[in-house]
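Subject: Structure handover

Hello,

Here is the structure I promised to pass on. My notes follow it.

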Amino acid sequence: MSTQSFGSLNELAQYLRSQDKKATLIFAYNGTGKTRLSMAFKELGKQTDAEGNITRDTLYFNAFTEDLFAWDNDLENDSERVLRMNTSSRFFDGLAELEMESRIRPILQRYCDFDFFLDYDIGVISFFRDERVLQDDGTYNTVRHDNIKISRGEENIFIWCFFLAVAQLAIEGQEAYDWVKFIYIDDPISSLDENNAIAVAANLARLLKKQEHIKTVISSHHTLFFNVMCNEMKNAQHFFLRYDEDGNYYLRNTNDTPQFYHIAMLKELYEVAESGKLYTYHFTILRSIMEKTATFHGYHNVGDIIKREPDDEDGILHFRYVQLLSHGNYSLFEPIEMLPENKEIFRTILRNFMSEYRFNPELFPETEGQEATT
């Protein structure tokens, strides 16, 4: 496991731009400088041509991207609430000709139940939601609520879907975005809870794996999001970034090693298994931890480390559960709770795993009920 040091964010950004890998994933705690790193990376891509025009090569998503959108709440009439776009940004170049609504809407519908109108002439977005209302005769009518103010979480999702649609244009080589050579994404799900991180990560990975000509750097402090990205993009570089009080930055390569944050995630699984608040996405977390453990011990398959009973039946069954329940689509706002029988199987697999591969027991205090049965 190698560690490299850099005296500034510019040096680090230059190193990241020089990498041959199609994708680079960076885990770093908040306050490390991830957003400043993304801006340094972007600034290094600016060039001035012979005519004095500034060219760019990086499409980026970070806190500044969200600032390109601002609410106008119509304080005078309190009726026409719209999200205004800062159309002076190159991010919005050529949108009208590219029919962005038809590109954003299929992505947005994966996550949300509202819809939108985009007015290119004045650069505003209005939102509406359709509601099915039961009538006295037993039939349903659809009632449209126009100019709604969506929640902060829904707004962040919309902006993220907007960015994904633009990134798709760059990946497709559309003329308006043919200048994009790099995509830098910093914490796309900073305001989403852990129930929702899997869906965002899985859909992003699916988009990026379809292309070969654009290099991507993704930085995040969100352990579950980062974990899913590592799992989905196995050929990407994985780094842990930290800095010291002298202002030096250290980039540690963590490929093919058990990640430090897996201990925290395993502790979370232990706690939710005890509380009974188990959702299907917890199988995804468990699978990822087991994959790293299998790699560390020299195995090539998760099934090789799942404890088997003498007749092997339980091992086969448990492996199938881990395989089946750790894949699939995830509802962004409605995580699915496990069925009671799946909860019990999850607990058995987790208990066997922790028994076979010992961790510090002080991190996983036993309840009185457990002590009585062990």
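Helix H11 covers residues 340–356; helices here are DSSP runs of H or I with at least four residues, numbered from the N terminus. H11 has 17 residues and reaches 24 Å from its first C-alpha to its last, close to the 24 Å expected at 1.5 Å a residue (1.5 Å times one less than the number of residues). Its buried residues (under 20% relative accessible area, 1.4 Å probe, protein chains only) include Ile-345, Phe-346, Ile-349, Leu-350 and Phe-353, but also Asn-342 and Lys-343.

This is a predicted model: local features need pLDDT of at least 70, side-chain atom pairs count only at pLDDT 80 or more, and totals for chains, interfaces and linings use all residues. Residues are numbered from 1 along each chain as its sequence is written, and side-chain values use heavy atoms, without hydrogens and water.

The largest nonpolar core has 91 residues; a core is a set of buried Ala, Val, Leu, Ile, Met, Phe, Trp, Tyr and Cys residues joined through side-chain atoms within 4.5 Å. Leu-59, Phe-69, Ile-125, Phe-158 and Phe-162 touch the most other members. Helix H5 (residues 152–172) supplies the largest share, 14 residues. Contacts of Leu-59 (heavy atoms within 4.5 Å) include Phe-91, Phe-163, Trp-179 and Ile-183, leaving out residues up to four places away in sequence.

A second, separate core of 18 residues includes Leu-9, Leu-16, Phe-41 and Leu-251.

Leu-9 and Leu-16 of H1 and Phe-41 of H2 are also among the residues that make the contact between these two helices.

Regards

Terms used. Buried means under 20% relative accessible area, exposed over 50%, partly exposed in between (1.4 Å probe, protein chains only).
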